[in-house]
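Visitor: I want to learn how to read packing in a model like this. Where do we begin?

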Amino acid sequence: MAAAFRARFGAEPAWLVRSPGRVNLIGEHTDYNDGFVMPMAIDRAVWIAMRARTDRTVTARSLDFDEEKTFSLDALAPEGAGWVEYLKGTAWALAGAGHRLAGWEGVLAGDVPIGAGLSSSAAIEMAAARAFAGVSGTAWDPVAIAKLARRAENEWVGVACGIMDPLIIGAGREGHATLIDCRSLELRPAPLPPGTVIAVLDTATRRELSGSAYNERRAECEQAARALGVAALRDVTAAEMQARGRSLPEAVRRRAQHVVSENDRTLAAAEAMEAEDAARLGQLMNESHASLRDDFEVSSPALDAMVECARAAAGCHGARMTGGGFGGCVVALVDEGAAPAFLESVAKAYRDRTNLEPGLYLCRPQAGVTLTRR
């Protein structure tokens, strides 16, 4: 990154930002229902090498897209889609919260797969926020900044996502996943069971969330909450769902059933992790996938195939789709000693079944976004 900065700007960068992607172990489509999630920051990231400017202009070059964009902080306006909109949206949200921003110039690159459900969008938003905080002398508060990154995603980019992605990217803890209460934003670190690693299994299929069934699912959840007389589905117990769920339209009932049961599974997963119970955690992950497939209906043939290939391989405790759905990645809990053979077995089985070339890699929990002065 430093070499790329020198090649473009003819000097050394002043700062280097690292903003990790994330994988969610369990707790899917619960975040925007004020529920519980269990993500971890991963060892794939978006990087920015940058320095401050004396004016209120941002010039950024994306190495991944081989494209350079410049915009003024005094004339922010959406101009369609593209990677630069995440930078502009973040600047807009920060400025709207009263932050006085300085300009900067830099180069960006990353190895978080785009559209795979590993939150490449929140990674670039939090990277941009950290860059703006660095050049502007703003105090770094991961929770407060995560709220602003979510606003950028919701109102500038147009995806009705929750708080999970930017919050874990901002506040991840090395060696741990984190149980997040998406209402109180309380963070509870949870270690992976000893002797296990997380495998991320990319199906090589993609989806676009903006204007998609993702937003439809959120609307259905809100409809269920209104009908059940609660602020959010977080407030509905399993017993209440069983007693009152029949009054809902069938599709809406199944959406709510997933959220209510997924919250219970996520809390149980935290207990399993603290008890070092890999088998129980894997079972909960399996149950989560069935609920996402059958009740929330956000899986896909490729995701289901990858889950089945993973579960059939030696050393796998459990596997589920992760992310918004309709494509992207599966997450699996695997015995560390079996991991290399597991990846080889899954790759062959998935390739034979789908004629697609998967991307498979092991991930370890990392700390959240960092800013390093060079």
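**Sheet and helices**

Guide: This model is predicted. Begin with the open sheet: 4 strands, paired antiparallel, in the order 9-10-8-11.

Visitor: Which are the edge strands?

Guide: Strand 9 (316–322) and strand 11 (359–363). Each of them pairs on one side only.

Visitor: By how much are neighbouring strands turned against each other?

Guide: On average by 20°, ignoring direction.

Visitor: How many bridges join strand 8 to strand 11?

Guide: Strand 8 (residues 196–202) has 5 bridges to strand 11, and the two run antiparallel. Look at valine 200: opposite this residue stands tyrosine 361 in strand 11.

Visitor: What lies across the sheet's strands?

Guide: Helix 10 does. This helix lies across strand 8, strand 9, strand 10 (329–335) and strand 11. Against strand 9, helix 10 runs at about 170°.

Visitor: Now the helices. What describes two packed helices?

Guide: Two values: the angle between the axes and the distance between them. Here, helix 9 (residues 278–294) packs with helix 10 (residues 301–312) at about 160°, and their axes are 12 Å apart. That angle makes helix 9 roughly antiparallel to helix 10.

Visitor: Is the crossing of helix 9 and helix 10 left-handed or right-handed?

Guide: Left-handed.

Visitor: Which residues make the contact?

Guide: Helix 9 brings Asn286, His289 and Arg293. Helix 10 brings Leu303, Asp304, Val307 and Arg311.

Visitor: How do the residues of that contact divide?

Guide: Into 2 nonpolar, 2 polar and 3 charged.

Key
Residues are numbered from 1 along each chain as its sequence is written. This is a predicted model: local features need pLDDT of at least 70, side-chain atom pairs count only at pLDDT 80 or more; totals for chains, interfaces and linings use all residues. Side-chain values use heavy atoms; hydrogens and water are left out. Axes are lines fitted to C-alpha atoms, for helices over the stretch in contact, and angles run from 0 to 180 degrees between N-to-C directions. Angles under 35 degrees count as roughly parallel, over 145 as roughly antiparallel, 65 to 115 as roughly perpendicular and the rest as oblique. A crossing is left-handed if the near helix is turned anticlockwise from the far one by less than a right angle, and right-handed if clockwise. Contact means heavy atoms within 4.5 Å. Ala, Val, Leu, Ile, Met, Phe, Trp, Tyr, Cys and Pro count as nonpolar, Asp, Glu, Lys and Arg as charged, and the others, Gly among them, as polar. Two strands pair if DSSP finds at least two bridges between them.
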